[in-house]
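Please examine the sequence and the model below before reading on. The paragraphs that follow lead through the structure step by step.

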Amino acid sequence: MNLRIKKWTEQLSIFEKKVKNFPNIIRYGRLVGFNGSILEVSGLKLSVGSICFIERATNVSYEDDIEAEVIGFKNDILFLMPLKNIDNIVSGALVRPKMLDGNHFFFNTFPVYTGMLGRVLDSTGKPLDNLKAIDKKHRKELSYSIINPLHRSPITDVLDTGIRTINALLTIGRGQRIGLFSQSGLGKSVLLGMMTKYTEADVVVLGLVGERGREVKEFIETILTEEARKKSVVVASPAEFSPLLKVQGAHYAVRIAEHFRDKNFHVLLIMDSLTRYAMAYREIALSIGELPATKGYPPSVFSKMFSLIERSGNGRENCGSITAFYTILTEEEKYDPVADSARSILDGHIVLSRKYAESGHYPAINIEASISRVMSKIIDSDHAAKARDLKKLLSCYQRNRDLINVGAYVSGTNKELDIAISLFPKLEKFLQQGMHEKSTFRESKKALYDLLK
């Protein structure tokens, strides 16, 4: 009998705590419009970022409600975007805000802690790998305080990527932000996988934004090794996710990288792709009435893109770093606003060439079109001179390739071209590398010196 009374007492205590947190007034709004992916709600006054629930037409319980986030407002109308695909809603449906406690509105928080290594998550922080549940104690908002640019550590150390061409000719610094510009089918995913496996980083954060769902599994199981997975966190928001979840996935990946940087880890952040992020944000901005400016992109897209990129890099003095690679999908046509805007703010760019890929030259990096803007500051003068010499020889050969192929060039006419022709087979071999082959920075530098003895 005493045990039963004790159990009842405990249950009553739990019920009392729930009642205390229950809001004094339950606020409801009404669904008054549905335009494409935007829900219009009247009767509520909420700030941007608040979470709401929309009642379905065949509601049985609160679990059936549709979760949505406030993304804007006009006069007394709130604009909401659902976090998942919606169905079975009607005009006038009840809309209620999600409450943190009795009097405070709920803003989305996400699990961010060191124990997430080795996990694959979606853009809401839910596990996709069928492993143990994610700890809900360590939750944070996606926003992050801006670092004073005068307090950031300068880029002084070389980052070993394990890829010979990049190490020797496009040397990357720890804390640098690089764009990987590529069309489809040029070996971009394989190159990213090589970076993930071979780069000297304590933690790798992969943000897969807007990619095909099957590619997520293929990338993790086929390209990543077991050792690389142990130090990685993958955030996947595939193509079927809503635009809001794609944008959220990109910010979530950066937030995880910032957490590890603050814990004094050196982080490699790979965002695939920045173009899909820009396209998702464009869809949101156009849906709430922002006017298009450059090739259909509203101005806010580029502002958001710059803010996302600026969050990576070196942290404060005596802190960790985030070296970031952002993939940009380039178009066949010359002018691409996303690619041009990204190129203007990044610390360098690596361009993949279709001509190289079609001839079986991998990685298909176009050395002449690629550049690392911090390379000259982090390597010695002898290395810099050797890299320039190799680029000159390669450029000289490419300019005269047609003459050489048809046999119109007479040996001895151009001394530099004679050297380029004699070295080209070795040079071509130097620039190629198998996906299971690793070349450290020291090995890459030695191979460059041996080539140009």
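Predicted model: local features only at pLDDT ≥ 70, side-chain atom pairs only at ≥ 80, totals over all residues.

**An enclosed helix and its surroundings**

Of the 20 residues of helix α6, 19 are buried, so this helix is largely enclosed by the rest of the structure. An α-helix has 3.6 residues a turn, so residues three or four places apart point the same way. Just after α6 comes Asn264, whose phi is positive, at about 75°.

The view may now widen to the whole chain. The domain assignment divides the protein chain into domain 1 (27–105), domain 2 (109–379) and domain 3 (383–452). Between the centres of domain 1 and domain 3, taken over C-alpha atoms, the separation is 61 Å.

A UniProt annotation from an unreviewed entry, "domain: T3SS EscN ATPase C-terminal", covers residues 380–448.

A disulfide is a covalent bond between the sulfur atoms of two cysteines. How many disulfides does the structure hold? The number is 0. Is Cys52 buried or exposed? Cys52 has a relative accessible area of 0%, and because buried means under 20%, this cysteine counts as buried. Cys319, at 23% relative accessibility, counts as partly exposed.

Methods. Residues numbered from 1 in each chain as written. Heavy atoms only, no water. Buried < 20%, exposed > 50% of the residue type's maximum accessible area, 1.4 Å probe, protein only. Helix = DSSP H or I, 4+ residues; strand = E, 2+ residues; numbered from the N terminus. Domains from an automatic or database assignment. Disulfide = S-S within 2.5 Å. UniProt positions renumbered as here; feature names shortened; annotations may be inferred.
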